[in-house]
Amino acid sequence: MDILTMRCLALIPILLLSACYVDPYTHAPTPAPTDWYQAGWDDAMSGQPIRSNPVIAHLHNDENVDREEWLKGYADGQQRICDPNFLTVQGQNGKSFPASCETLPDVTERRAVWEKASREGLQQSLMR
């Protein structure tokens, strides 16, 4: 066999293998519907203030906002993150006061708990 024939034979498997390429985006799955309860929970737990429907729709790329479910999730997440024990831990660890707690009727008392824990946490970190 001469050199030219050997080169052609070596190229055949390469050409065959390259023809088997599959575009990974041709069979992309359709996204699942948005879990609006979980979206509200996540917003509250990340300390976000209550958002408008257009903002929520934009953030989740879903125009069909279920406001009632989102608010239920937000209220449950808000109850968790604004718990005085949770605020104490956050304050001690130098975290900021969550904006999601600002709309609660007893925000002054909750902020006082957080500020006290924040001062204590700062003092402990300076003593190390």
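Let me start with a contact between two helices: from H5, the residues Pro84, Leu87, Thr88, Gln90, Gly91 and Gln92 touch Arg110, Val113, Trp114, Ala117, Ser118, Glu120 and Gly121 of H6. Sorted by class, this contact of H5 with H6 holds 5 nonpolar, 6 polar and 2 charged residues. Bear in mind that we are looking at a predicted model.

Now the geometry. H5 covers residues 84-92 and H6 covers residues 107-127; their axes come within 7 Å and cross at roughly 35°. The crossing of H5 past H6 is right-handed.

Is Arg110 buried or exposed? Its relative accessible area is 19%, and since the cut-off for buried is under 20%, Arg110 counts as buried. Apart from neighbours within four places in sequence, Arg110 is in contact with Cys82, Asp83, Pro84, Leu87, Phe97 and Leu104. Pro84 and Leu87 are also among the H5 residues that meet H6.

Next, H2, residues 36-45. Here Trp36, Ala39, Gly40, Asp43 and Ala44 are buried. Viewed down the axis of H2, these buried residues fall within an arc of 130°, so they line one face of the helix. What do they pack against? The buried residues of H2 pack against helix H3, at 53-60, and helix H4, at 67-81.

Just after H2, Gly47 has a positive phi of about 85°.

Terms used
Residues are numbered from 1 along each chain as its sequence is written. This is a predicted model: local features need pLDDT of at least 70, side-chain atom pairs count only at pLDDT 80 or more; totals for chains, interfaces and linings use all residues. Side-chain values use heavy atoms; hydrogens and water are left out. Axes are lines fitted to C-alpha atoms, for helices over the stretch in contact, and angles run from 0 to 180 degrees between N-to-C directions. Helices (H or I, at least four residues) and strands (E, at least two) are DSSP runs, numbered from the N terminus. A crossing is left-handed if the near helix is turned anticlockwise from the far one by less than a right angle, and right-handed if clockwise. Contact means heavy atoms within 4.5 Å. Ala, Val, Leu, Ile, Met, Phe, Trp, Tyr, Cys and Pro count as nonpolar, Asp, Glu, Lys and Arg as charged, and the others, Gly among them, as polar. Buried means under 20% relative accessible area, exposed over 50%, partly exposed in between (1.4 Å probe, protein chains only). The arc is that of the directions from the helix axis to the C-beta atoms.
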